Amino acid sequence: MNLVEAGRALAAESARFAALGWMRGTSGNLSVTLGRDPLRLAVTASGLDKGTLTETDVVEVDFHGDPVSGSLPPSAEAALHARIARVARAGAVVHLHQLAPVIAAERNPGGIVLRDLEMLKGFGRAAHDDEVRVPVVPNSQDMRVLGDAFEAGFDPATPALVVARHGVYVWGADLEQARHRAECLEWLLRFVNSVQGTDTPGGFA
Ligand SMILES: CSCCC(=O)C(=O)COP(=O)(O)O
Ligand SMILES: [Zn+2]
């Protein structure tokens with residue numbers, strides 16, 4: 001995939017997520033891996049309304065998340081996308097500001113446990129895996145700190161990371177797989193929140 005094709009795909013996916021209310025305001029960011037040697041990603045530009053991106057609202061970044069061309073600033077979280085693409089060998093990473101993972105992390109700061117749920121299959125796991133633990137890390141404005149925390153808890157079988165009081169990162173081989181996993185994980189976390197009585201504001205107090 002070249003940068004123009006990636007721009008089209010990222011704009012379309014962003015509009016889709018925004019319509020679901022998962023990229024409110026200017027929140028969230030998406031990336032696709034363009035190449036691995038050297039690592040190159042196309043990532044959404046920073047600070048834009050992700051519901052109305054055009055194919056040119058993307059930036060090519062390197063291993064560090066630094067821009068290699070263009071004049072738009074890349075997402076402030078581009079370095080974490082690059083880290084996930086490298087460590088998890090992801091072809092696409094989606095970062096969404098869904099409410100369900102943030103509420104789930106509030107109750108489960110050591111990781112969110114999922115088990116015996118059919119929807120786990122849509123998250124890339126077997127429905128009857130003994131225990132799937134989605135890692136939770138504290139929020140930080142420093143992408144190196146977030147990246148180190150991600151890598152410390154990385155399990156190749158679990159394609160997601162929840163950042164407390166912030167949002168969720170989900171990845172896959174391509175944007176479609178990352179989207180499917182993000183949709184299924186959101187359902188799973190809403191289920192957990194409901195079971196734990198945390199599905200309504202104040203319910204976890
Ligand atoms: C209101 S969004 C705050 C920044 C953030 O968390 C985010 O996901 C969007 O940042 P970007 O630089 O990619 O626009
Ligand atoms: Zn964010």
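1. (A residue is called buried if 20 or more other C-beta atoms lie within 10 Å of its own, exposed if 12 or fewer, and partly exposed in between, with C-beta atoms placed from the backbone.) Helices (H or I, at least four residues) and strands (E, at least two) are DSSP runs, numbered from the N terminus.

2. A word on the model before you go on. It is a predicted one, where local features need pLDDT of at least 70 and side-chain atom pairs count only at pLDDT 80 or more, while totals for chains, interfaces and linings use all residues. Residues are numbered from 1 along each chain as its sequence is written, and chains are lettered from A and ligands numbered from 1 in the order in which they are written.

3. Back to strand 4, which covers residues 92-96.

4. Which strands hold on to strand 4 from the sides? Strand 1 is joined to strand 4 by 4 bridges, and the two run antiparallel; V32, for instance, has A92 as its bridge partner in strand 4. Strand 9 is linked to strand 4 by 5 bridges, again antiparallel. Here V93 stands opposite W171, and H95 has Y169 as its bridge partner. (Two strands pair if DSSP finds at least two bridges between them.)

5. A contact means that the C-beta atoms of two residues, placed from the backbone, lie within 7 Å.

6. Helix 3 (residues 99-107) is worth a look too. Its buried residues are A100, P101, V102, I103, A104 and A105. What covers them? The cover includes strand 5 (112-114), strand 7 (136-137), strand 8 (160-163), strand 9 (167-172) and helix 5 (175-195).

7. H95 turns up again at ligand 1. The residues around this ligand are G25, T26, S27, G28, N29, T44, S46, G47, S75, A76, E77 and H95, where near means a C-beta atom, placed from the backbone, within 6 Å. By class, the shell has 1 nonpolar, 10 polar and 1 charged residues. (Ala, Val, Leu, Ile, Met, Phe, Trp, Tyr, Cys and Pro count as nonpolar, Asp, Glu, Lys and Arg as charged, and the others, Gly among them, as polar.)

8. A few backbone details in the loops. The peptide bond from D37 to P38 is cis, with omega near 10°, and P38 is found between strand 1 and strand 2. R89, in the loop between helix 2 and strand 4, is not a glycine, yet its phi is positive, near 55°. D116 also has a positive phi, about 55°, without being a glycine; you'll find D116 in the loop between strand 5 and strand 6 (132-134). Is D116 buried or exposed? D116 is exposed, with 11 other C-beta atoms within 10 Å. R89 is exposed as well, with 12.

9. Finally, the overall build. The protein has 5 helices and 9 strands. Its radius of gyration is 16 Å, close to the 17 Å that the globule rule gives for 205 residues, so it is as compact as a globular protein of that length. (The radius is taken over C-alpha atoms, and the rule is 2.2 Å times the number of residues to the power 0.38.) Of the 205 residues, 45% count as buried.
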